Amino acid sequence: MSFEHASVTKGLIMASALTSILVGVFDVKHYFHLQFVPHISRHHQYWRLLTHNLAFVNSSDLFLGIVIFGTIGVEVERRFGSVKFASFAIVTLLVGTLLEFIALILFHQVGLNHIALGPSLLAFSTLYQYSRIIPTVYTFKIFGVPLNSKTFNYFLGFQLAISRLPGSATVAAIGVMTGQIYRSDLAGLKSYRISPSTVRFAEKFLAPLVGSLRAPRRTNRALPDDMGSRPWAGLAAPADEIITTARPSAPSDTTAARNRPSADAPTANSTSMMREWVNELTGRSENTSAGVRAPSEAEIAQLTSMFPDLDREVVIAALQRRSSRDTTVVATIGSTSVTGNTFAVAPSVTPWFTVVPGNTAVDK
């Protein structure tokens, strides 16, 4: 799960976590506690109606709130869009705070006297939107009870709703009610959008604080864990293949020249080393079906002693193009000039080729 196309949700998580930590560090939790008596009825501290939505007062509420925002908030914002989701958050907090104030006035004499759950109101309202617009991915059963892919997210909301009764249950009910009011488009709340100037301000000053929203790049190559003990540990890892649905564009001359490997690049050598290692493990040649075989060290040493000016790779390539001793195959040996038709071979080594004019070695 990433925050791609969910900048508002990431900002809410960062802001709620930061304010909750700062409130605990500086021991000012009592300023974020909403209680009807004496804060509202006696001291008339109406500013607490707004501040109690800014921070969670304990770590368990903070954890559940972050998990709920991280799982359902991202999905809802991607469906809404960042601007609409930010407008939805503002409307939810304003309408929900008004309903909380009314609930405290009506039910403070029956035990509902305080509310201190932070931005849980927005979490429950977002959870209601999630239940209405996000489809179920799969269903399953546990002990015969039918469940679906959204059940665990509902369970997180249930844990938050029963964490601090009766205030937590009241906040959950008000959050769901606020989500219903927003979705029913009562009084045109659903069509409200924040102003373009606010959007530009957020993009200019707040977006850099949120950070990158790009999803993590996942490689499409599988490599073993113990890279240090493998023969390819010293080789450079190949570049990941870029998988895209965009139409391929013709590369420019500059790009083609930059991406063209140089003559002294170790790519061919690295590939040859890997091929030889695989062939030694499997006991076969990679291109056996094509008539190419892996030459032995005795053959390589024999031909290298006859052509000391040739590179080892050229000698191996010439030997690999020799299909069998019973078939006459011509192997070109570079550009080294050869005079004469035969070579003298040591008595202990049986020659399996002769040299003919034209810089070629021919099998017997």
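## The model

This is a predicted model, where local features need pLDDT of at least 70, side-chain atom pairs count only at pLDDT 80 or more, and totals for chains, interfaces and linings use all residues. Residues are numbered from 1 along each chain, and side-chain values use heavy atoms, without hydrogens and water.

## Aromatic contacts

The structure holds nine aromatic pairs. Rings of Phe, Tyr and Trp (its six-membered ring) pair if their centres lie within 6.5 Å; planes under 30 degrees apart are stacked, over 60 edge-to-face, the rest tilted. Tyr46 and Phe101 form an edge-to-face pair, 6.3 Å centre to centre, with 75° between the planes. The two residues are 55 residues apart.

Phe140 and Phe152 have ring centres 6.0 Å apart and planes at 15°, so this pair is stacked. Phe80, Phe85, Phe88 and Tyr182 form one aromatic cluster.

## Charges over rings

A charge sits over a ring if NZ of Lys or CZ of Arg is within 6 Å of the ring centre and within 35 degrees of the ring normal. The charged end of Lys84 sits over Phe80, 4.5 Å from the ring centre. Lys150 lies over the face of Tyr130, at 5.6 Å from the ring centre.

Tyr46 has 42% relative accessibility and counts as partly exposed. Phe140, at 22%, is also partly exposed. Buried means under 20% relative accessible area, exposed over 50%, and partly exposed in between (1.4 Å probe, protein chains only).

Key
Helices (H or I, at least four residues) and strands (E, at least two) are DSSP runs, numbered from the N terminus.
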